[in-house]
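These are my notebook entries on a handful of local features that I looked up one after another.

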Amino acid sequence: MRITVRGYVRDTALRDSRVTNVCIDERFRACTSTCVNVLMSSAPPQRQPEDGHTFARVIQFMINKAANGSIKELDGLCNIAQHWKPEQLLILLPVFYHHLDPARIPDVVTSRDVRSIMLARYSLKGVLVTLNRINYPRELTQALQTIADNLISNWHRCHLWVNFFYRHFFASSNPARLPGLLITRAEALKLVVNMLMRMSLIGDSQTPQSLINTPSLHPIISQLWCMAVTSKDNDFLTEADKVMGSKEQGAFQEHMSYVVQTCLDVDHPAFTTTLIHVAGGIRAMASIAFKYIRNIRCLYRKKVISGQSIDDTTSCDSVFGVPRWQIMLINCFGNCANLLFVTSQQNCALREAYIDRNLVAITIYTLRDLCQLSLTLKHDDFAKHVKKAFEDALGYIALLMGGPVDDLVAVICQALRARFLPTILQAHTCIPGADTAECLNALLITALRSYLTFDKVLRIAGIELDADEKSLDAIAQRDTDLLQAWHLFKKDVRRFLDLRSQIPAASIFFDRQCAAVHNSDEWHPQWDLFQCARCTVARYCSRQCQNIDWDQGHRMACKYLKAAIGPNASRYIRRSLFLLAKIEDAEIQSHQEFISQLSVTAQAEHPEFQDRLVLEIDPVAEGPSDKFKFKPVSNYLHIFPEASERPWQVAGKWRQSTGLHSLCLPPVMRIHEGYEITDKPNLLFSPSTALRMAFKEHGLDARVNDGASSVYFTGSSL
């Protein structure tokens, strides 16, 4: 059977390594002749013959010989083609793809297969020569688009040979050594990585012929990436960097990180599964990701400390007006952030492993270091690289702050301790025209503000604010949205810290005292106390104290304390209970007139619930209309296990008996879990009411702290 492939005819029945009697048809000859003038204009002067027709005949002769299986002429075409323009390379595409027949791939390499393997090697080399012109796939000329389309249409042939060269000449511990088989381990690595890199530039998840849709290459990509990140063989890494055509340390890691990044897609989790398997499991994958981003930060510090300052743009390897190593760091960091972002969405266990491995903090530290690179931006294209990398990093942090994380408060604290506030404020100033990043920064600050009702977050935020408030104010003034979010954040921090300072230390750290003798001078280590199994709030030093407290009032207060810490019984809410109670009292007291008017309006809207309306308080909302809402008690029956109105009525009568006449029924507190899921808040029964029921000496009515402990206390209970 004879078929025409881009201008020449070959016999598909020939399956052995000796390709003979392959002819070039008239259409291909005519195409070669018409390109003579173009070829003459592009050929180097020292290689240009005096007669243009002679040059055309030489090219035609080499094409014929290469198509018929001449390794020497095929290699010669690869060398000559390096000087050609994309329009001239089109005539060589059929020749380069001709010898990549998957049927010639041997299972075991023998002397009969040497010729086919060498032809495939130089064919892939020629394909790479044509693809080297493609640097920006979105801005392709017609000729470059044709070259890219040829790779996509022939990818089903190419990727099998790429797999073959990797398995037999790079990964194999005993590669074949036969006469004429001139393929070293370094050459195989260069061939494989460059083919993966070029295909990652052209194909995407929507293209059937792409890396993400080629599962046979996923183990190879995963192994090379893990090797680039974790290998301790400096000689191999140095050689690999040279093979990638760069003198900079980390070039091999940069190439493989880009290839991995193109294989990651939220809707295609197969590659992530392979990556985790190759890495050795969830914990091993998290460790590799940690080492990956740590390598980026170490390389940055090494360059700066060694004297290659970020203002040095005289390097002969510079691109976009900045040193090559800067571009490499930005690319690697962006690819790493994208890796964390996508894999965290696809695998919950891996997301938690990242957090346990302290990836949040080191990502913020690295982002802060790389902000310095923006000081020498001189090219808009490089600014786009920086913008994309920073947005990916901030997107990963936003994903954790707005998503279902097991220990979300711990993530927030980890970020704050890593100087999250100055980092996110400074990030947008490093990216010219980064409107999206500015909006994301404002959203992150708004999300962070919703966690200030947690005592631990509030203390750390107060410390960070005291350290850099003036400098952060100056940065925030550069953007309107950012400035508004920043002012609201500062206002809430100062307001909540002031309320916290009014609570006696004995009440703030109630979990270190026996509830039967609460507010006494006797403090206990946490491990000496045991907690009530039902409410998990009250702590006792002995069974006798628990029985005494049960008879003195804990019998009634227990279920209200349990409702006050929410269904999840978070330890952070439990330790913030007195702060929440103080915020609740302060909000009601400072908006009494508005609440009274709102109550009248709510009674008119719900006449059947005249004295059964519950006030819902959102402590981080901006205005009173958003902060307070009256709703029927039927909306909150789920807070108690019995799902009835009786607990509310009992608590309401208790409040009236103790002189709390402001509301008929106790209010509820709205605690946010993140700015992306504010429609599913955590509703807490009135912390003030529950604590007043449980502790006679609660200290909630105090106005001045007793000075027993600083508001920045960092004892073992925290």
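Ala643 lies in the loop between strand E6 (628–632) and helix H31 (646–657), where helices (H or I, at least four residues) and strands (E, at least two) are DSSP runs numbered from the N terminus. Its phi is near 50 degrees, a positive value in a residue other than glycine. I noted it because most residues other than glycine have a negative phi. Thr536 also has a positive phi, near 60 degrees, and I placed it in the loop between strand E3 (530–531) and strand E4 (539–540); at 15% relative accessibility, Thr536 counts as buried.

A note on the source: this is a predicted model, in which local features need pLDDT of at least 70 and side-chain atom pairs count only at pLDDT 80 or more, while totals for chains, interfaces and linings use all residues. Residues are numbered from 1 along each chain as its sequence is written, and side-chain values use heavy atoms, with hydrogens and water left out.

I asked myself how many residues of strand E5 (residues 613–617) are buried. The count is five of the five, so the strand is largely enclosed by the rest of the structure. Leu613, Leu615 and Ile617 point one way from E5, and Val614 and Glu616 point the other way. In a regular strand the side chains alternate between the two faces of the sheet. E5 pairs with E6 in the antiparallel sense over five bridges, pairing being called if DSSP finds at least two bridges between two strands, and I found Val614 opposite Lys631 in E6. Two bridges join E5 to strand E7 (residues 668–671) in a parallel run, with Val668 of E7 as the bridge partner of Glu616. I then turned to helix H21 (residues 420–427), where seven of the eight residues are buried, among them Phe420, Leu421 and Pro422.

Entry three, cysteines. I searched the whole structure for disulfides (pairs of cysteine sulfur atoms within 2.5 Å) and found zero. Cys514 is buried at 2% relative accessibility, and the cysteine sulfur closest to its own, in Cys541, is 3.7 Å away, too far for a bond. Cys298, at 44%, counts as partly exposed.

The whole structure holds 24 salt bridges, each a side-chain nitrogen of Lys or Arg within 4 Å of a carboxyl oxygen of Asp or Glu. In one of them Arg121 meets Glu187 at 3.4 Å, N to O; the pair links distant parts of the chain, helix H7 (residues 114–131) and helix H10 (residues 185–202), 66 residues apart. Arg121 is buried at 15% relative accessibility, whereas Glu187 is partly exposed at 33%.

I also followed Asp492 to Arg449, whose closest N and O atoms are 2.7 Å apart; Asp492 belongs to helix H24 (residues 480–501) and Arg449 to helix H22 (residues 435–449), 43 residues apart. Asp492 is buried at 5%, and Arg449 is buried at 7%. Arg494 forms a salt bridge with Glu469 at 2.8 Å, joining helix H24 to helix H23 (residues 455–476).

Technical notes. Buried means under 20% relative accessible area, exposed over 50%, partly exposed in between (1.4 Å probe, protein chains only).
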